[in-house]
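The entries below follow the order in which I checked things.

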Amino acid sequence: MITKEDVLKLAALSKLCVSDEEADSLTAQLESIIEFAREIQNAGFETDKLPEITHTDTLFRKDEIKASIPLEKALSNAPMSEDGFFLVRKWSEHE
């Protein structure tokens with residue numbers, strides 16, 4: 001079960017500002033999504049029908065070169081940056 005505290009913790013980790021009202025709404029929405037996923041997980045289906053529903057010819061778009069956002073804008077919300085690069089904290093003890 002998803003709690004309001006879970007939503008607030010996730011928001012903090014994501015560096016999102018979430019009001020109490022939004023947290024209540026998000027809690028209900030996330031619980032609904034998880035319940036739906038449980039229903040799908042428990043639904044039976046025939047694996048021999050799987051190739052019929054996994055037709056992937058149209059899933060991939062053609063690669064096209066598009067303009068990017070300016071570097072300053074890309075780095076504007078970064079907590080840390082230096083010389084045009086994002087700085088991130090070390091998270092692994094392996095080097």
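**Entry 1: a salt bridge**

I looked up Lys 4 and found that Lys 4 forms a salt bridge with Asp 20, with the closest N and O atoms 3.7 Å apart. A salt bridge here is a side-chain nitrogen of Lys or Arg within 4 Å of a carboxyl oxygen of Asp or Glu. The pair links distant parts of the chain: Lys 4 sits in helix 1 and Asp 20 in helix 2, 16 residues apart. I noted that the structure holds four salt bridges.

**Entry 2: what I am reading**

This is a predicted model, where local features need pLDDT of at least 70, side-chain atom pairs count only at pLDDT 80 or more, and totals for chains, interfaces and linings use all residues. Residues are numbered from 1 along each chain as its sequence is written, and side-chain values use heavy atoms, without hydrogens and water.

**Entry 3: two helices**

I checked helix 1 (residues 4–13) against helix 2 (residues 20–42): their axes come within 9 Å and cross at roughly 110 degrees. Helices are DSSP runs (H or I, at least four residues), numbered from the N terminus. Axes are lines fitted to C-alpha atoms over the stretch in contact, and angles run from 0 to 180 degrees between N-to-C directions. Helix 1 and helix 2 are therefore roughly perpendicular (65 to 115 degrees).

Which residues of helix 1 make the contact? They are Lys 4, Val 7 and Leu 8. Helix 2 brings Asp 20, Ala 23, Asp 24, Leu 26, Thr 27 and Leu 30. Contact means heavy atoms within 4.5 Å.

Notes
Angles under 35 degrees count as roughly parallel, over 145 as roughly antiparallel, 65 to 115 as roughly perpendicular and the rest as oblique.
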